[in-house]
Amino acid sequence: NLARAVKKVGARMALISTDMVYSGLPDDPGPYLESKKPETDVNRVVWYGYTKSQAEKVATEILSDKLAIVRIIYPVRAFFEAKSDYLRKQIQLYQQGKLNPIFTDQRINLTHVDELCGFVDDLIERNFAGVFHCASSDVLSPYEIISYLFTAVYGNADMVKAGLLADYLDPAKHPERSVPIRNCRYPTFGG
């Protein structure tokens with residue numbers, strides 16, 4: 001409905017999507033480029049990722065060259081108290097004595113929301129259409145990321161314990177791996 005309304009008034013649309021449109025399974029582990037098509041088999045992705053890929057498909061059919069699809073992964077923000085992001089959540093869990101082991105067998109990257117906003121502004125101002133991935137270029141395990149965070153916040157990461165994703169998630173409902181995407185690649189703006 002939103003895409004139809006955008007088309008009706010002749011506007012452009014930026015659709016924020018997710019890395020979860022890809023399976024992350026061992027036979028297709030990523031990292032993924034923008035040219036990689038989303039997984040179409042609902043049994044190979046989580047429901048959230050499947051519905052996001054369907055939204056991408058419908059919006060593309062309606063808006064084609066007036067649509068920028070921006071895929072992000074693990075959004076984090078420097079200052080935002082209304083909702084915990086991935087990093088703040090780990091600190092809160094630790095403060096509550098509920099910090100779970102952090103996975104060593106995943107590879108992820110993060111999207112900084114403030115940079116994402118600037119990126120989307122640039123896409124809109126320059127009338128770019130297509131698929132764009134916006135994420136940090138660092139691809140690390142959650143354990144590496146959270147250990148770094150706790151060292152920065154607490155001076156050490158002794159409280160961060162290693163664990164395996166396979167020990168915590170139902171593989172029928174979650175991909176075996178996280179789904180890193182290639183870092184944010186700005187289109188060339190004439191120079």
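## Report on a predicted model

In this predicted model, a polar atom of the Arg-88 side chain lies 2.4 Å from the backbone oxygen of Ala-78. Arg-88 itself is placed in helix α3, which spans residues 86-95. Apart from neighbours within four places in sequence, Arg-88 is in contact with Arg-77, Ala-78, Phe-79 and Phe-80.

**The sheet**

Three strands, in the order β1-β2-β6, form an open sheet with parallel pairing. Strands β1 and β6 are the edge strands, each pairing on one side only. From one strand to the next, the twist averages 25°. Strand β2 pairs with β6 in the parallel sense over five bridges, and Ile-72 has Cys-134 in β6 as its bridge partner. Helix α2 packs on the sheet, where it touches β1 and β2. The direction of α2 makes about 160° with that of β1.

| β1 | 13-18 |
| β6 | 130-134 |

**The helix pair**

Helix α1, residues 2-9, packs with α2 at an angle of about 15°, and their axes are 9 Å apart. Angles under 35 degrees count as roughly parallel, and α1 and α2 are therefore roughly parallel to each other. Their crossing is right-handed. On the α1 side, Ala-3, Arg-4, Val-6 and Lys-7 meet Ala-59, Ile-62 and Leu-63 of α2. By class, this contact of α1 with α2 comprises five nonpolar and two charged residues, with no polar ones.

How values were computed: Residues are numbered from 1 along each chain as its sequence is written. This is a predicted model: local features need pLDDT of at least 70, side-chain atom pairs count only at pLDDT 80 or more; totals for chains, interfaces and linings use all residues. Side-chain values use heavy atoms; hydrogens and water are left out. Helices (H or I, at least four residues) and strands (E, at least two) are DSSP runs, numbered from the N terminus. A polar contact is a pair of N or O atoms within 3.5 Å; within protein, one must be able to donate a hydrogen and the other to accept it, and residues adjacent in sequence count only if both atoms are side-chain atoms. Contact means heavy atoms within 4.5 Å. Two strands pair if DSSP finds at least two bridges between them. Axes are lines fitted to C-alpha atoms, for helices over the stretch in contact, and angles run from 0 to 180 degrees between N-to-C directions. Angles under 35 degrees count as roughly parallel, over 145 as roughly antiparallel, 65 to 115 as roughly perpendicular and the rest as oblique. A crossing is left-handed if the near helix is turned anticlockwise from the far one by less than a right angle, and right-handed if clockwise. Ala, Val, Leu, Ile, Met, Phe, Trp, Tyr, Cys and Pro count as nonpolar, Asp, Glu, Lys and Arg as charged, and the others, Gly among them, as polar.
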